[in-house]
Amino acid sequence: MKKEISTNNAPGAIGPYSQAVQAGNLIFVSGQLPINAATGEMPADIKAQTRESINNIKAILAEAGATLDNVVKTTVFLADMEYFGPMNEVYSEEFKAVYPARCAFAVRELPKKALVEIEVIAAL
């Protein structure tokens with residue numbers, strides 16, 4: 001069985017997908033662009049974008065009764081690997097040990113010309 005997780009505190013889905021889906025004790029959060037849910041704006045630099053993407057993840061996890069501490073796997077999509085270092089600085093401020101498993105890679109382009117998009121899997 002799967003259950004949709006949705007909150008107005010993160011940007012709504014812009015296509016045929018859910019912000020997150022819970023299946024059993026797992027929560028699968030769709031890739032979060034760095035869009036502020038209240039203003040619809042996207043910050044300009046990679047550090048601010050990373051923080052905004054993580055804020056959106058926090059809001060969705062909160063709706064499911066979870067926090068970043070519940071995250072067991074992340075995938076980070078970057079518009080260019082030159083952003084890896086600054087993204088990692090912010091990421092390491094937000095995620096604490098035991099750190100989630102992670103992969104990070106550059107893609108040709110992200111929606112809305114974002115510099116970063118982050119998806120996570122959390123366990124309750």
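Me: Glu52 is buried without a salt bridge, so which side chain of opposite charge is nearest to Glu52, and how far away is it?
Reply: This is a predicted model, and the answer should be read with that in mind. Glu52 belongs to helix 1, and Glu52 is buried. A salt bridge requires a side-chain nitrogen of Lys or Arg within 4 Å of a carboxyl oxygen. For Glu52 no salt bridge is found, and the nearest side chain of opposite charge is that of Arg51, at 8.5 Å.

Me: Which residues is Glu52 in contact with, once its neighbours within four places in sequence are left aside?
Reply: Glu52 has its place in helix 1. With the neighbours within four places in sequence left aside, the residues in contact with Glu52 are Pro34, Ile35, Asn36 and Pro43.

Me: At what angle do helix 1 and helix 2 pack, and how far apart are their axes?
Reply: Helix 1 covers residues 46–63 and helix 2 covers residues 84–94. Helix 1 passes helix 2 in a right-handed crossing. The two pack at an angle of about 35 degrees, and their axes are 8 Å apart.

Me: How do the residues of the contact of helix 1 with helix 2 divide into nonpolar, polar and charged?
Reply: From helix 1 the contact is made by Ile46, Lys47, Thr50, Arg51, Ile54 and Lys58, and from helix 2 by Pro86, Met87, Glu89, Val90, Tyr91, Glu93 and Glu94. These residues divide into six nonpolar, one polar and six charged.

Me: Which parts does the salt bridge of Glu89 and Lys47 tie together, and how many residues apart in sequence are they?
Reply: The side chains of Glu89 and Lys47 meet in a salt bridge with an N to O distance of 2.8 Å. Because Glu89 lies in helix 2 and Lys47 in helix 1, the pair ties together parts that are 42 residues apart in sequence.

Me: Which residues are linked with Glu94 in a network of salt bridges?
Reply: The structure holds five salt bridges, one of which joins Glu94 and Lys58. The network that includes Glu94 also links Arg51, Lys58 and Glu93.

Me: What is the phi of Lys113, and which residue forms a salt bridge with Lys113?
Reply: Most residues other than glycine have a negative phi. Lys113, in the loop between strand 5 and strand 6, has a positive phi near 65 degrees. Lys113 is exposed, with a relative accessible area of 60%. The closest N and O atoms of its salt bridge are 2.7 Å apart, and the partner is Glu109.

Key
Residues numbered from 1 in each chain as written. Predicted model: local features only at pLDDT ≥ 70, side-chain atom pairs only at ≥ 80, totals over all residues. Heavy atoms only, no water. Axes fitted to C-alpha atoms, helices over the stretch in contact; angles between N-to-C directions. Helix = DSSP H or I, 4+ residues; strand = E, 2+ residues; numbered from the N terminus. Left-handed = near helix turned anticlockwise from the far one by under 90°. Contact = heavy atoms within 4.5 Å. Nonpolar A, V, L, I, M, F, W, Y, C, P; charged D, E, K, R; others polar. Buried < 20%, exposed > 50% of the residue type's maximum accessible area, 1.4 Å probe, protein only. Lys, Arg positive; Asp, Glu negative; His and termini not counted.
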